[in-house]
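Hi,

Here is the structure I promised to pass on. Have a look, and then read my notes on the helices below.

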Amino acid sequence: MINMVEIFEKLGYKLQTCKTCGQEFYSQVDRDTCGDAPCDEYGFIANPATDKPYNLYEIQKVFKEFLESEGHTAIDRYPVLAKRWRDDVFLVGASIFCFQPWITSGLVKPPANPLEIAQPSIRLNDVDNVGRTGRHMTCFTMGSHTVINTEDDFIYWEDETIRLCHEFFKSIGINTEEITFIKSWWSGGGNEGPCYEVCCRGVELATLVFIQYETLDDGSKKEIPIKVVDTGYGLERIAWISQGTPTAYDACFAPVVDKLMELTGVEINEDIQGKNAQIAGMMDIEDIGDLKDLRQQVADSLGISLKDYLEVAEPMEAIYIIADHTRCLAFMIADGIIPSNVKEGYLARLVLRRTIRFMKDLNMKESLADIMAIQLDFLSKFYPEIRDSEQHIMNIITLEEERYASTVKKGKSIVKRSIKRLKKEGKNEMPLDMLIDLYDAHGIPPETVVEMAGNDFIVNVPDNFFTQVAGAHEKDVSNKKSTLKVNFPETELLFYKDFYQQEFEAEVLGIIEKDGNQCLIFDKTTFYPEGGGQPSDIGEVSIEGNVLNVTHAEKVDNVVLHHVDEVSKDIVGKTISGKIDWDRRITLARHHTGTHLVIAAARKVLGQHIWQAGSQNSLTRARIDLSHYKRITQEELNEIEKLANEYVMENIDLDIQFHTRDEAQELYGFVLYQGGIVPGKMIRVVKIPGVDVQACAGTHVPRTGVVGPIKINKTERVQDGVERIDFSAGIAAIDSMQHDNELLRESSAIFKVDNNQLPKTCDRFFSEWKAQKNEIDRLKSQIASLKMNSLADDYDEINGLKVVSELMEADFKELQKIATDFTDNGKADVVIIGNTEGKIVGAASQNAIDNGIKINNVIKSAASILGGGGGGRLSLAQGAGKNTDKMDEAIQTAIGIIKG
């Protein structure tokens, strides 16, 4: 294997040190700087670095063909939703994410080796830079030639990687004397290793990573046996330097940018945009800390006022942001992300709502769906899967735009209350954590908060606000691993060999304590340990005539722990006989297989975007959570139930087999993991031929007919983007049906009608009740008017204030209406009225408030006489207590406080 220095020497490169940043780099010519910004300015704008211009898709094609000619196999892109095959991150942030952890750890063979891929990748850690630096994008295409090197099959390492990079850039006409290889270090997705950042004319075009280590939880690293060549070529940047356009956005999605300019009337000043990209490209908003300072520096360098610069820059930035964000959304939604308020859905919604914000800044009359249609028309020419998902994408975009408008409308009252509370605390500025919480918890964008604050309250929005917000949501921290370690042989799982086996004999290997419970470990078991949304088996074990109840079973490191009552240590090495609760086992198995049938039916009825977001089985019912962007209608629910029962009646034999992970993925793809990521090299695949396939460790009935009837009980929204279907199967379904029928019979008996007449009868009774209620309300209003008239002249004058007090027959609402009518219309200054149910109300006019009357404190004191509490505003307060016989005393207490 050629040493790194030797390959560079062979290609004419020599090691040098940058006099500006101190980084070591290789170059074919002597130079003072490393070739990357800020040490070097952009040198390609209006001065392309290649021998001909390439658009993004042309450079993808050239990259692919070059590597194929060098013995690499091109593979299709992966979904941008990394959650499909890994549980630590949500989105693909680099091409290597596609191969972690299964391929890089050696558990799964790569789809080709060496391979080439052009992988759409999403990073939101610098979302606030998008549109402003000329190069940052939320979604970019990472070209890669990847190699998985094992001891038995070591393909190539540094030498060939560097040669291929050199030759590729040479093949597209870049003068290799302008290329630098900067020595650095890379880490991401749980791996790390040395790397080279490859730069040309001030911009980084590629990173060549040589993964040799696993990054441990404590930050240290451990060498791994598999050595991975992980290269990342920024195909958008390569297209950019080949065209020399002012920004990468103009180079990569010009048709979308042009259409947006046409719709908005925004015009580009290429001189200003080009100079802006050169200077802004040497800075980062995170480094500067303040976008205002950055822009002032750019304006000063251009020799124009900040006002003139902003007039040109901000509208074009908005155009670029909209073009970038809609592209990102297209991949997100096409690949299965449903916008919501959690996890990957949160990130999609963040991008979507930022898009709407910048459309608003441009005063665009078009809807987001109109703009998305422009983007989809452009993308679908190169990505057929986006064309196939077009209707689904448009449905979600339309719905999300409506939700956003509703959120902003409702959010204004929340903002008002928050600002009012801060002012009451003597604060005149909103803390950043509150601003982030208003967005996180309520979806209220910061610009709405600024708008609501007015001129007498300060709301400072950091320039990297959305970068901070996105950064807090990019990793999945919900999957905590057990820290318990057990040093016993793997337990033989008998229930996989014979589902119907209820009894067994085994040797006791050991006893350990977990969570305060005694746990027995056997060499074999037929007790299913809890997992995959399925509760464990329970039952009993007998040891030398003593019977122990097994209350729970769980698996740790492939060892099954059987929770039992207190047991002596001397049973280790002895033989036990065990027996499971069969009724529980078969009921849970019916529900588990039923879950697979229901999700398959839901996918067929609702669309291929349906993905399992969680499930839980119990003895009476099961629930399954589905990723879906709107409420499931009753008609859809009926169709799902009908289809699931058709699968049952077809009595399909389940095909359950163990496969190596790479065999399983090659056969079925990532749909295997819809029930969650399963660990290990060998995985159990549960296939219902023609219906569903999943990696699943749960117990299942051998044929769908054994599931019995499936009855959907209800559906509910768990959160935005997740719908829950609650259903029962087998005997549990019969019990549920009989329960519903009993409710129907009881309801019919109450109305003394047949079951089929019940809906009509209920509708008639409800209509009559509603009409009578309206009549009662009308009469109450008349009574209230009469009571007010009778009280109008019956008042006491106390300290110059008209005070009305009375105990009357009226409900809470009537009391409030009477009290406020008097104080609002000048009939009285203070009103204290109560009823025989222990409710008391007080109201005060502005005159009374100006004279020091605090009616909220008055009512609070009066309500304490009633044995209760009260409070409210200075103008209206209410209270209540259980001591209804003390209402007169309470009213007199209030009068006494007013008298002083």
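A quick word on terms: axes are lines fitted to C-alpha atoms, for helices over the stretch in contact, and angles run from 0 to 180 degrees between N-to-C directions. Helices are DSSP runs (H or I, at least four residues), numbered from the N terminus.

This is a predicted model, where local features need pLDDT of at least 70 and side-chain atom pairs count only at pLDDT 80 or more, while totals for chains, interfaces and linings use all residues. Residues are numbered from 1 along each chain as its sequence is written, and side-chain values use heavy atoms, leaving out hydrogens and water.

First, H2 (residues 56-69) and H4 (residues 235-243): their axes come within 9 Å and cross at roughly 110°, so the two are roughly perpendicular (65 to 115 degrees). Touching there (heavy atoms within 4.5 Å) are Leu 56, Ile 59, Gln 60 and Phe 63 of H2 with Leu 235, Glu 236, Ile 238 and Ala 239 of H4.

Next, H6 (residues 254-264) packs with H12 (residues 368-379) at about 155°, axes 9 Å apart, and they are therefore roughly antiparallel (over 145 degrees). H6 brings Pro 255, Val 256, Lys 259, Leu 260 and Leu 263 to this contact, and H12 brings Ile 371, Ile 374, Gln 375 and Phe 378.

Finally, H14 has a kink of about 30° centred on Gly 411 (the bend is the angle between axes fitted to the seven residues ending there and the seven starting there). After H14 comes Gly 426, with a positive phi near 85°.

Cheers

Conventions: Angles under 35 degrees count as roughly parallel, over 145 as roughly antiparallel, 65 to 115 as roughly perpendicular and the rest as oblique.
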